[in-house]
Amino acid sequence: MAIPSNFTASVLQHGATEEKGEHARLASFVGAMAIADLVKSTLGPKGMDKILQSLSRGREVTVTNDGATILKSVYVDNPAAKVLVDMSKTQDDEVGDGTTSVVVLAGELLREAEQLVAQKIHPMVIIAGFREAAEVARQRLVAIARDNKADPVAFRADLVNIAKTTLSSKILTQEKSHFAELAVDAVLRLKGSTNLDAIQIIKKPGGTIKDSFLDEGFILDKRIGVGQPKRVENAKILVANTAMDTDKIKIYGARVKVDSMSKVAEIEAAEKDKMKQKCEAIVAHGISVFVNRQLIYNFPEQLFADAGVMAIEHADFDGIERLALVTGGEITSTFDDPTNVKLGTCAVVEEMMIGEDRMIHFSGCALNEACTIVLRGASHHVLDEAERSLHDALCVLSQTVRDSRVIYGGGWAEMQMARVVDDLAAHTPGKKSLAMNAFARALRQIPTIICDNAGLDSAEIVSQLRAAHAAEPDASNAGVDVTIGGVGDMQQLGIFEAFKVKNAALLSATEAAEMILRVDDIIKAAPRQREGGMRGARRVILTPLAAVNLQAEPLVSHVPASDH
Amino acid sequence: MSLAFDEYGRPFIIIREQEKKSRVKGIEAVKSNIQAAKAVSRVLRTSLGPKGMDKMLQGPDGDIVITNDGATILEQMEVENQIGKLLVELSKSQDHEIGDGTTGVTVMAGALLEQAETLLDRGIHPLRIAEGYEMACKVALKRLDEIAATFEHDADNNEELVKTCMTTLSSKIVGRHKRELAEMCVKAVLTVADLERKDVNLDLIKLDGKVGGRLEDTALVNGIVLDKDMSHPQMPKHLQDVKMAILTCPFEPPKPKTKHKVDISSVEQFESLRKQEQEYFRNMVQLCKDSGATLVVCQWGFDDEANHLLMHNDLPAVRWVGGVELELLALATGARIVPRFQELNSAKLGYAKSVKEISFGTTRDRMLLIEGMPNSRAVTIFVRGGNKMMIDETKRSLHDALCVARNLVRDNRIVYGGGAAEMSCSLAVEAAADQVPGVEQYAMRAFADALDIIPLSLAENSGLPPIESLTEVKTRQMREGNPYLGIDCNDAGTNDMRQQNVFETLMGKKQQLMLATQVCKMILKIDDVIKPSEYE
């Protein structure tokens, strides 16, 4: 029965396409590898940045090195590529770092798999091999991880090293020790919680990156009302979420119907009186600072000023929650029971200047978990990227505080894993072993890419690494040292990574590769007709950010290959 | 086009705007229908069996589904052809009725139609073919009953159930973790099963997922997971010995359904209205508090003031809980769903041992975990995985496995998988065909051939030489009279499916054959397709 290969199309909706078998597999391999190649050049301490330009009206520009941010912004059409994008997003949400390496690893696994498929090995066999390889790699990872939880000093040193390693590939690399200390201090204040809400990051353009600092208190980017005290010591703070503009009657359908002007005036007076009573009720709490989530109109503001209470309006929702957390007060909305309301306290509330801007600074708070990191820098782009980098570092650190195992970076872990996987392949009869070898090769690609990005002789260094690891399987600390351009001792260099990040990257990369390998048919529905085309989609322009890197990276625009 | 004329020679209009419609008639129509059905079933053929491949489906908005589940593939494919839609419906009804075997039934229907096509070429009337299929189907069903094995299971001994679930899961992406997941499914089903009545209410099993973590972190929770958090950020995150009030009225001022206006014409009225409003909030919270509740679960939202009052009165609350979850919660905690504050009393409260808020990863995802309920029959399987697609696919796979376990609780007869049952039926039908006089004999033989498609595809997908493996096993079945021999997809070294523990439910298999035959009959009976032509 000779059915033309695209016969299914006639059964499907108009505009839908189908790709089968080899075609489908090729399309997904190509798409996934294109995405991996896109972010590949950002990997490692000498990785390059990307400029993302928005197609929407503002044409805003983002400069970044963060894999997840790049992939989030790229408009991808290839379904397999979307799997990888999704995966890097998950990695970002879950552990916060390693977003680039997870995509690169998945891409390399698929690149190897493509060659195996070309050798007529069934995808299911490859998957079986990958699964077993991933399992031994994970066991090795668990075995080589070190845990310094018991020793706080060593643990803190570990954390600083992890932060430095994470930051070294980012824009903050010049000031990495400064920021590493900053981040570690901030995270250790959390005392084991992974709730990063208590760490507030404020970005203020101006100054240099080095002027960034950690503040022990809480900074609110708001103004104090007119005529109110600018500095309050031993403040009692009431945090509220209540209407302070006009307090409407909430009963549905209520409206004012009067027959004379004087009545209107009376009702207005009653309204005013109501607000006055409310203010009095609030002041009756014996407070010296009042923070409201909603607006405070002039009238109540004046009343507060008369009572000598500092009133701060329109703190956004996050700000309010954080402030309540920090000062230990509760968020109130009714004010009739002053004795039972928990007020927040802090030592000093004052106005402070950062650059040109005035802000409100709460210091000596009851709950000392919170802190604020004020980032300074030349431009918004720098600040945005600095915030992303710092966020990565904070995420990794907070996860490490929970799971304190660490491993060496610089490709050390990958080499260790590759060694055991190769070992497994040597002992496995059958075609599966080819897939295992491929898995080991893919793992070894990570140090290779780090070297390539740094303009080093990757083949030479990686083979040296392999020999070093084979010579002393358990004692070797060898990894890529990009500063001297050779093999270095990772322990001495202090290049550490969090176990959790590596583990998550390994597992999700394998899972994604398996998922894409299993596909033998792609059916695309006709795209929904939208007006205005791809609004908000972004275009990627690959350019070296600055002449930081000596290596001549080919400047090709990798546009994710759309099939056919 | 045929035209009819009345006695004055004027043409009748039989079909309005006839020239705009395309029309296919007779054998032509049957054949084009068969082509369409074949095209659909061909897509699914490679997904069959433990080594079957997945399909990647891209929706109109660019969203992606990767799946191995027949019903899902067909549903997402957006088939437009009418006959194609019939097959989609077919797999859906298998999904609703049995929950598993959705791929098999479509492949089977495709094979039956393919065989019918050759018979049509030989000039056999479509209806005779359909009748022959019907007869053959009866023979096959009888054979299935004969070779079916029963196995006993109870709450303690559920090994067989687990093995059957494993068969279902082995064809999915979660295969690497099938043992644990299968155990989880069986445990979930046995928890909620009513063994007396032999019935399982799958509504009591909730499948919930959250991106992140590993597949291995998937867990069976003896309780309910709500994708919500406490209404006020400062409410306690962990409660013990909770008395739960479930409300379907909002913590807001009353809003009568009749259109009304409240006119304020004097200061006194303004004052009194304000007092009333405050009183109203206080009352609501007081009523909840008086009933002795320590947690309020509400279907609607809270006013800021009410929210604070709740918090102030140490009454944690959860808002915007969906209707389904609310019912599940009521069922499990033994609470009554209360539509008005006035009707709340201590007898209507539910009980749970603990309620706690759990957070995930670095983003602010929080969920409520409610455990230790008196009517602990409600369980949740909480799926974790690398990405959203993985979670969705895992959920679908678990759904299939749950259905299989349920079917076994309902009817504990099984047949052996790996194509063993199909081959055995095929032999029986072939033998029966010789006894039947008339044209139907051919149709029956065709049915027997069509049955072979399942083991054939299984072998093909597993990378085995299809025809060789099929004929080898089939002759062995014939010679040894052993209906348990099937295709060795997993390379386990034996063809005996009893040793490989590859089971399927008898009910599911029978349903597959019946549904496939029915759809086939339906398609064969169509001899005229009229549809508006596609482009104006």
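Is A:Ser28 buried or exposed? A:Ser28 is buried, with a relative accessible area of 1%. Buried means under 20% relative accessible area, exposed over 50%, and partly exposed in between (1.4 Å probe, protein chains only). The residue sits in helix H2 (residues 21-40) of chain A. Helices (H or I, at least four residues) and strands (E, at least two) are DSSP runs, numbered from the N terminus. Beyond its neighbours within four places in sequence, A:Ser28 touches A:Asn78, A:Ala80 and A:Ile516. Contact here means heavy atoms within 4.5 Å.

The model is predicted: local features need pLDDT of at least 70, side-chain atom pairs count only at pLDDT 80 or more, and totals for chains, interfaces and linings use all residues. Residues are numbered from 1 along each chain as its sequence is written, chains are lettered from A and ligands numbered from 1 in the order in which they are written, and side-chain values use heavy atoms, with hydrogens and water left out.

Now take chain A as a whole. Its secondary structure comes to 17 helices and 21 strands. Of its 564 residues, 55% count as buried. Among contacts in chain A with a separation of 6 or more, 76% join residues 24 or more positions apart.

In E15(A) both faces are covered. A:Cys371, A:Ile373, A:Leu375 and A:Gly377 are buried on one side, and A:Thr372, A:Val374 and A:Arg376 on the other.

E15(A) has strand partners. Two strands pair if DSSP finds at least two bridges between them. Strand E5 (residues 199-205) of chain A runs parallel to E15(A), joined by 7 bridges. There, A:Pro205 has A:Gly377 as its bridge partner. Strand E6 (residues 213-215) of chain A pairs with E15(A) in the antiparallel sense, over 3 bridges. A:Asp215 stands opposite A:Thr372.

E4(B) meets strand E16 (residues 413-416) of chain B through 2 bridges.

How do the chains meet? The contact takes 85 residues from chain A and 83 residues from chain B. The area buried between them is about 7700 Å², and carbon and sulfur atoms give 55% of it. Buried area is the accessible area (1.4 Å probe) that two parts lose on being put together, summed over both.

Strands also pair across the interface. Strand E20 (residues 519-524) of chain A and strand E2 (residues 54-58) of chain B run parallel over 5 bridges. A:Val519 stands opposite B:Asp54.

The rule finds 2 salt bridges between chain A and chain B. A salt bridge is a side-chain nitrogen of Lys or Arg within 4 Å of a carboxyl oxygen of Asp or Glu. One joins the side chains of B:Lys55 and A:Asp520 (2.6 Å, N to O). On the side of chain A that touches chain B, helix H4 (residues 79-94) of chain A gives the most, with 10 residues.
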